[in-house]
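Colleague: I am new to this structure. Could you take me through it step by step?

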Amino acid sequence: KELSIVKDYLALETIRFESRLRVVYHIDEDTLDQPVPPMMLQTLVENAIKHGIGKTVNKGEISILANETNGQLVLSVINSGVLEIKQDHEGFGLQSTSNRLQLIFGDAASFSIEQLNKDLVEAKVIIPLS
């Protein structure tokens, strides 16, 4: 269900950005029935659009990946852009993601965001499989 919401959102953003946005999905079918906290993936995708694709005049790409690794569900959103974390805070959406994961899963889940190379950023959520 979460993936369906994200696909609808990205369909609209593809119209908005026209040829500047390419969306790629790498979803392991075994992950489709795994529960994900509501709007978790959506928040990461919106962040990628706002802070990545929306800030570039060049073509950009968002890749959404989901797979199972070592008994965990790994969700990644990789987007064109440069990571700009403010010194005094990391932003409401990212902090909210971390807090929600901690409340729901405790130390069994994690969230990270990092610059993969000079023009790719990855936001990754790891949660235990149900």
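Colleague: Leaving aside neighbours within four places in sequence, which residues is Gln 42 in contact with?

Modeller: Keep in mind that this is a predicted model. Gln 42 sits in helix 2. Its relative accessible area is 3%, so Gln 42 is buried. With neighbours within four places in sequence set aside, its contacts are Glu 2, Ile 5, Val 6 and Tyr 9.

Colleague: What pattern does the protein chain follow along the sequence?

Modeller: The chain has three helices and five strands. Read in sequence order, they give α-β-α-β-β-α-β-β.

Colleague: How does the radius of gyration of the protein chain compare with that of a compact globule, and what is the value?

Modeller: Start with the box. The C-alpha atoms fill roughly 40 × 35 × 25 Å along the principal axes. A compact globule of 130 residues would have a radius of gyration near 14 Å. The chain agrees with that, because its own value is 14 Å.

Colleague: Which element gives the most to the largest nonpolar core?

Modeller: That core has 26 residues, and Leu 10, Val 45, Ile 49, Ile 62 and Val 125 touch the most other members. Helix 1, helix 2 (40-51), strand 2, strand 3, helix 3 (92-105) and strand 5 (120-128) each supply at least two residues. The element that gives the most, with six residues, is helix 2.

Colleague: Now the second largest pocket. Which of its lining residues are the closest to its centre?

Modeller: The volume of this pocket is about 320 Å³. Of its 17 lining residues, those closest to the centre are Lys 1, Glu 2, Leu 3, Gln 34 and Val 36.

Colleague: How many nonpolar, polar and charged residues are in that lining?

Modeller: First, the elements. Helix 1 (2-17), strand 2 (60-69) and strand 3 (72-80) each supply at least two lining residues of the second largest pocket. By class, the lining has two charged residues, two polar and 13 nonpolar.

Colleague: Is Ile 126 buried or exposed?

Modeller: Ile 126 lies in strand 5. Neighbours within four places in sequence aside, Ile 126 is in contact with Gln 72, Leu 73, Val 74, Ala 108, Ala 109 and Ser 110. Its relative accessibility is 19%, and the cut-off is under 20%. So Ile 126 counts as buried.

Colleague: Is Asn 67 buried, partly exposed or exposed?

Modeller: Asn 67 belongs to strand 2. Apart from neighbours within four places in sequence, Asn 67 is in contact with Asp 28, Thr 31, Gln 72, Leu 73 and Val 74. The relative accessible area of Asn 67 is 29%, so the class is partly exposed.

Colleague: What is the phi of Asn 70 near?

Modeller: Asn 70 is in the loop between strand 2 and strand 3. Asn 70 counts as exposed because its relative accessibility is 75%. Most residues other than glycine have a negative phi. Asn 70 has a positive one, near 50°.

Colleague: Where is Glu 18?

Modeller: Glu 18 also has a positive phi, near 50°. With a relative accessible area of 59%, Glu 18 is exposed. Its place is the loop between helix 1 and strand 1 (21-27).

Colleague: Last one. How many Å apart in space are Lys 55 and Ser 110, C-alpha to C-alpha?

Modeller: Lys 55 is in the loop between helix 2 and strand 2. Lys 55 is exposed, at 52% relative accessible area. Not counting residues up to four places away in sequence, Lys 55 touches Lys 50 and Glu 84. Lys 55 and Ser 110 are 55 residues apart in sequence, and their C-alpha distance is 27 Å.

Methods. Residues numbered from 1 in each chain as written. Predicted model: local features only at pLDDT ≥ 70, side-chain atom pairs only at ≥ 80, totals over all residues. Heavy atoms only, no water. 1 Å grid on protein atoms, 1.4 Å probe; cavity = no way out; pocket = protein on both sides within 12 Å on 5 of 7 lines; lining within 4 Å. Points joined across faces, edges and corners; volume = space filled by probe spheres on them. Helix = DSSP H or I, 4+ residues; strand = E, 2+ residues; numbered from the N terminus. Nonpolar A, V, L, I, M, F, W, Y, C, P; charged D, E, K, R; others polar. Core = buried A, V, L, I, M, F, W, Y, C linked by side-chain atoms within 4.5 Å. Buried < 20%, exposed > 50% of the residue type's maximum accessible area, 1.4 Å probe, protein only. Contact = heavy atoms within 4.5 Å. Rg over C-alpha atoms; globule rule 2.2 N^0.38 Å.
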